[in-house]
Amino acid sequence: MNAKETKAGVASFETSMKRLEELVRQLERGDLSLEESISSFEEGMKLVKECTAVLGEAEKHIQKLTEQGVATDMAAETGTKEERGDDELPF
């Protein structure tokens with residue numbers, strides 16, 4: 001496994017995108033045989049599926065981090081029980 005691959009052996013997102021762009025250029029040139037075009041299209045669709053999954057996981061991770069940040073910010077704004085007196089309201 002080289003540095004461009006993940007632990008699971010799947011190519012990195014960036015590597016997959018570069019390969020997808022290369023396939024698109026080849027298909028757009030129009031000089032591939034029908035068999036080569038179909039093969040390239042199939043490979044491209046597989047890469048699209050993989051990249052979409054990676055982006056979906058990244059989006060979930062960012063959303064989770066954002067929600068944690070909002071919760072942290074809200075706690076900092078309202079203070080904790082120790083920062084307020086027991087008889088003080090949080091607002």
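I first set down that buried means under 20% relative accessible area, exposed over 50%, and partly exposed in between, taken with a 1.4 Å probe on protein chains only.

**Ground rules.** I noted that this is a predicted model, in which local features need pLDDT of at least 70 and side-chain atom pairs count only at pLDDT 80 or more, while totals for chains, interfaces and linings use all residues. Residues are numbered from 1 along each chain as its sequence is written, and side-chain values use heavy atoms, with hydrogens and water left out.

**Confidence.** I looked up pLDDT, the predictor's confidence in each residue from 0 to 100, and found that the protein chain has a mean of 82, with 74% of its residues reaching 70 or more. Over residues 1–5 pLDDT stays under 50, and there the model has nine contacts (heavy atoms within 4.5 Å) beyond four places in sequence.

**Salt bridges.** I searched the whole structure for salt bridges, each being a side-chain nitrogen of Lys or Arg within 4 Å of a carboxyl oxygen of Asp or Glu, and the search gave four. One of them joins Glu 43 to Arg 19, with the closest N and O atoms 2.8 Å apart. This pair links distant parts of the chain, since Glu 43 sits in helix α2 and Arg 19 in helix α1 (residues 13–29), 24 residues apart; I took helices as DSSP runs of H or I with at least four residues, numbered from the N terminus. Glu 43 counts as partly exposed because its relative accessibility is 30%.

Lys 60 and Glu 57 form another bridge, at 3.6 Å from N to O. Both residues lie in helix α2, three residues apart, which is about one turn of the helix. I also noted that salt bridges with shared partners join Arg 19, Glu 22 and Glu 43 into one network.

**Ser 40.** My last entry concerns Ser 40, which is found in helix α2 (residues 34–78). I recorded Ser 40 as buried because its relative accessible area is 9%. Leaving out residues up to four places away in sequence, Ser 40 touches Leu 23, Gln 26, Leu 27 and Leu 32.

Terms used
Helices (H or I, at least four residues) and strands (E, at least two) are DSSP runs, numbered from the N terminus.
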